[in-house]
Amino acid sequence: MRQDLRPYWVKKLYLKFRYWYAEHFLRPAVDELGAHHTIMQPWYVSIDGPNIRIGKCVTIIGERAKPVKLGVWGRQPETGSITLGDYVLISPGARISASDEIVIGDSVMLANSVYITDSDWHGLYDRTERNPEATPIHIGDNVWLGDHSVVLKGVSIGENSVVAAHAVVNKEVPANVVVAGNPARVVKRLEPDRGFRSRADFFAEPEKLQEFFDGVDRTVLENNGFLNWLRALLLPRRSD
């Protein structure tokens, strides 16, 4: 990772602009957006449709090449919903597409390019209509969905379970297991008696956490000069 050459005050301005952008453009697009959100590059986060609720302390990471997309396309106007719990992490390229209902619990982590959908969107023989049966998705607290994993219609995933990279989940996953493969199957059972440390623990005191990271920024960036940072933007060199 290249050294961050920004002066402290430049980074503070950027963070304030990023927060303003999320509040101005993304908050009106949802029914609820909890406090203490961190939405990185929110201009690469797309939200469409009604009945989308996002809990507190969410972290969403958008990228130009891998935007995050949350969409509800209900069967009728104002139907269908997506609910994200508190402390959820959504990595670049993740897509959540709801026809009827997708509920994601607290402290769930979505790795790069995860795809979650509660519908096939077209029938095998009638390509103009969806299956009339609703097949909602429920994902329990502290679940970890690995890189490029897929969660398909009608699936429930129990708390603390892990879905391995590139796994395709098409049936119920119990709590406290690791699943892998296509279709996903249980490959390991976790030991809940050992306890889990989740994102809820990390964000237990969000104000103090924010103060801590601000202190780190101040210490790391305090000696950075504006002109050198500007030079690095316009005339970058390998040593930067």
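Two strands count as paired if DSSP finds at least two bridges between them. Keep that in mind as we walk through this structure, which is a predicted model.

**Strands side by side**

Let's start with β6, residues 68–72. Strand β3 (residues 45–48) is joined to β6 by four bridges, and the two run parallel. Within that pairing, I47 has L70 of β6 as its bridge partner. β6 also pairs with strand β9 (residues 95–98), again in the parallel sense and over four bridges.

Buried here means a relative accessible area under 20%.

There is also an open sheet of six strands, in the order β1-β4-β7-β10-β13-β16, with parallel pairing. Its edge strands, β1 (32–33) and β16 (156–157), each pair on one side only. Inside that order, β4 (residues 52–54) and β7 (residues 81–84) run parallel and are joined by three bridges. If you want a spot to look at, find I52, which stands opposite I82 in β7.

Here are the strand pairs with their bridges:

| Strand pair | Bridges | Direction |
|---|---|---|
| β3 and β6 | four | parallel |
| β6 and β9 | four | parallel |
| β4 and β7 | three | parallel |

**Rings**

Now for the aromatic side chains. The structure holds 13 aromatic pairs. One of them is F212 with F213, an edge-to-face pair with 5.3 Å centre to centre and 65° between the planes. How open are these two to the outside? F212 is exposed, at a relative accessible area of 52%, while F213 is partly exposed, at 41%.

Elsewhere, Y14, F17, W20, Y21, F25 and W43 come together as one aromatic cluster. Rings can meet charges too: the charged end of R95 sits over the ring of Y115, 4.1 Å from its centre.

**The largest pocket**

Finally, take a look at the largest pocket, with a volume of about 1000 Å³. Its lining is made of 27 residues, and L15, R18, H37, T38 and Q210 are the ones nearest its centre. Which elements supply at least two lining residues each? They are α1 (8–26), β2 (38–40), β5 (59–61) and α3 (206–221). The largest share comes from α1, with eight residues.

Conventions. Residues are numbered from 1 along each chain as its sequence is written. This is a predicted model: local features need pLDDT of at least 70, side-chain atom pairs count only at pLDDT 80 or more; totals for chains, interfaces and linings use all residues. Side-chain values use heavy atoms; hydrogens and water are left out. Rings of Phe, Tyr and Trp (its six-membered ring) pair if their centres lie within 6.5 Å; planes under 30 degrees apart count as stacked, over 60 as edge-to-face and the rest as tilted. Buried means under 20% relative accessible area, exposed over 50%, partly exposed in between (1.4 Å probe, protein chains only). A charge sits over a ring if NZ of Lys or CZ of Arg is within 6 Å of the ring centre and within 35 degrees of the ring normal. On a 1 Å grid over the protein atoms alone, a cavity is a set of points where a 1.4 Å probe fits but cannot get out, and a pocket is an open set with protein on both sides within 12 Å along at least five of seven lines; lining residues have an atom within 4 Å of a point. Grid points are joined across faces, edges and corners, and a volume is the space filled by probe spheres set on the points.
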